[in-house]
Amino acid sequence: MIFASLFETAWNALTTHRMRSFLTMLGMMIGVAAVILMLAIGQGAQMMVRDSIKSMGSNLFIIMSGATTTGGARVAGGMAPTLTFDDADAIRELDDIVAAAPVSPGTVQLIYGGVNWNTSVFGTTPDYAVVRDWPMESGGFFSEADVRSGARVVVIGAVVARELFGDEDPIGKIIRIRQAPFEVIGVMAAKGQSLDGRDQDDTVIVPISSAQQKIFSSSLRNRARMIMAQAVTEKRMDAAESAINELLRSRHRIGVAQEDDFTVRNLTAIAETAASTTRIMSLLLGAIAAISLVVGGIGIMNIMLVSVTERTREIGIRMAIGARRRDVLWQFLIEALTLSLIGCAIGLALGIGGAWMVESLAGLPIEVTPASVLLAVGVSFLIGVFFGFYPARRAAGLDPIEALRSQ
Amino acid sequence: MTSTGKPLIEVVNLEKDYPTGAGVFQALRGVSLNITEGEFVAIMGASGSGKSTFMNLLGCLDRPTRGSYHLSGQDVSRLSSDELAALRNREIGFVFQGFNLLSKLTALDNVALPLMYAGMGREARRRQAQAMLDRVGLGERSHHTPLQLSGGQQQRVAIARALATRPRIIFADEPTGNLDSETSRQVMDFFSQLNREEGITLVLVTHEADIAAYARRRIRFQDGRVVEDVAIEEAAA
């Protein structure tokens, strides 16, 4: 039996009932498109999570002032931060730590000429650029000496540079932060959005001493809301975390039964949790989409059963002139397969097109992987075989005399 | 009997039972006969006489309950359904009362269909199908679908299909039942010619005496038995 002829026969049968064939394929089309789109969105979300966590800095610890409760870190507003600059220095001395920077965050209004801009400010030390893996676009970061002297220098993020200076070169210009003049000595390279959706480039960074004297007008010298630290390698993260805990407990004289007055957050662990959450979410979406594929397959089986019943006489004629049972079986199986695979092809086009639309219209990152395309094609093929087999076997099992007699 | 040569069909004590609600219906009650290659046989009988059952058995569409049937020396009752299909394809051509053409296919594709099941390549079978259509005088209509052809033309396409694999025997079941008398005469003349000039064995089922008169042997069925088996002296035409 020549398979090319069978495909031709299948094609003729399907084009005879165009509307019916289209509606039958619609189930497969929607199913495949949904699977492709859902997996693409899931992949994109995973990528976005991974990228934004990576943009925070690698092997990063964030040590917060305040105790941990089940609800998270408890940092009461107005309460004195428990971490000191000396804590940061001590952490930096740990074996598995490369750099550690105390950080005092806040929000301020910047003024340059007639332009003003509300942004976040970080008071910190030069180690900050190291732990955040944050390169300079132009100029330089401030030095330890600037921190010691409380120099009025500022390094600005890409968004601030654009909003305040436009095309102008910001280096050497004076901006006012809470009325105090600061000289711009550097512009950070653009980093993009952080995990919580904030624009990391919409920020300015100043020496922590200057921030506390001139910006926050805080009486709490040498204390920081948090410390950011970087471990040498990802493998040493766990060891480094316990070392930090131990160190801070002894420095803060916290007894065995007492609660910590700080919280160590391991960003890599958080990243993994977030990535696995999005993976589960995308698997769930894919599974729901796969159900619609199965429904599409049932639609194919239904129509094939109708078709076998309608074409009983044709089957009888074919058998009388020499079609073997397996020829009839293949004829209907190939018809079902043709339906499912054409449906799959159109569904793929719709899914990839849809993914592209979501990406360009909604601005969500989308990732159509070859694996998801292969999966959709493979599953469609299996569905065609699985749901096509029963009707085909029924056709092949007909008695030629009975079939010839039917109308 | 004018037939010569070896028996193409050898039937011994053929019986066929059908289970019914009231018990077993004996459609055939022991039929024995031979048909030799090159014969032109008319099978007659009232409906329910068993002639259709007999035709289905001879045509390898069905298997007997008891008794033996040899076609070209092969014991048909021992063949699998795939082997029966191959036998129908190779040795047997069918012509039906209702033509039984596939209405979606052109005349050419209808005639080429048995050749597809014979495993012939696309081009070769189209060539051979065209040759068969030429032979039945429909070479010009090869791309028409059955609905675009008259009844007589449809039956000629069906005859071309029956001839496509060059079988040794053709079974025609009331081939003129749906045709007017003029067209019937043309179809029967063509059958006679096939039998006379090419030696194709013809088995014709009919209830019309004037159609049966084209044959050279008449077998009459009644209640599942052969009640008459005679040679016809002179063709009516």
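## Notebook: helices, core and loops in a predicted model

Entry 1: I began with two helices of chain A, α2 (residues 18–56) and α11 (residues 325–362), whose axes come within 6 Å and cross at roughly 40°. That angle makes α2(A) oblique to α11(A). I then looked up the handedness: α2(A) passes α11(A) in a right-handed crossing. I also sorted the residues of this contact. They divide into 19 nonpolar, eight polar and no charged. I note here that the model is predicted.

Entry 2: Two packed helices are described by the angle between their axes and the distance between the axes. I kept to that pair for the next helix too.

**Entry 3: α2 and α9.** How do α2(A) and helix α9 of chain A pack? I found an angle of about 175°, with the axes 8 Å apart; α9 covers residues 267–310. An angle over 145 degrees counts as roughly antiparallel, so α2(A) is roughly antiparallel to α9(A). I sorted this contact as well. The residues divide into 24 nonpolar, 12 polar and three charged.

**Entry 4: domains.** I turned to the domain assignment of chain A. Domain 1 is given as 3–52 + 274–405, and domain 2 as 83–260. I looked up how far apart they lie. Their C-alpha centres are 56 Å apart.

**Entry 5: the largest nonpolar core.** In soluble globular proteins, nonpolar side chains tend to be buried together. I looked for such a group here. The largest nonpolar core has 179 residues. Which residues touch the most other members? They are Ile36(A), Ile227(A) and Ala229(A). The helix α2(A) gives the most to this core, with 18 residues.

**Entry 6: Phe7(A).** I picked a residue in helix α1 (residues 3–16) of chain A, namely Phe7(A). I counted 14 C-beta neighbours inside 10 Å, so Phe7(A) counts as partly exposed. I then checked Phe7(A) against Ile352(A). They are 345 residues apart in sequence, and their C-alpha atoms are 27 Å apart in space.

**Entry 7: Ile91(A).** This residue lies in helix α3 (residues 85–92) of chain A. Is Ile91(A) buried or exposed? The cut-off for buried is 20 or more other C-beta atoms within 10 Å. Ile91(A) has 26, so it is buried.

**Entry 8: Arg253(A).** I looked up positive phi values next. Phi of Arg253(A) is near 55°, and this residue is not a glycine. Arg253(A) is found in the loop between α8 (237–251) and β14 (262–266) of chain A. I looked up its surroundings too. Arg253(A) counts as exposed because it has 7 C-beta neighbours inside 10 Å.

**Entry 9: Asp223(B).** I moved to chain B. Asp223(B) is not a glycine either, yet its phi is positive, about 50°. I placed Asp223(B) in the loop between β9 (217–222) and β10 (225–231) of chain B. How many C-beta neighbours does Asp223(B) have inside 10 Å? I found 14, so Asp223(B) counts as partly exposed.

Notes: Residues numbered from 1 in each chain as written. Chains lettered and ligands numbered in written order. Predicted model: local features only at pLDDT ≥ 70, side-chain atom pairs only at ≥ 80, totals over all residues. Domains from an automatic or database assignment. Axes fitted to C-alpha atoms, helices over the stretch in contact; angles between N-to-C directions. Helix = DSSP H or I, 4+ residues; strand = E, 2+ residues; numbered from the N terminus. Parallel < 35°, antiparallel > 145°, perpendicular 65-115°, else oblique. Left-handed = near helix turned anticlockwise from the far one by under 90°. Nonpolar A, V, L, I, M, F, W, Y, C, P; charged D, E, K, R; others polar. Core = buried A, V, L, I, M, F, W, Y, C linked by C-beta atoms within 7 Å. Buried ≥ 20, exposed ≤ 12 C-beta atoms within 10 Å, placed from the backbone.
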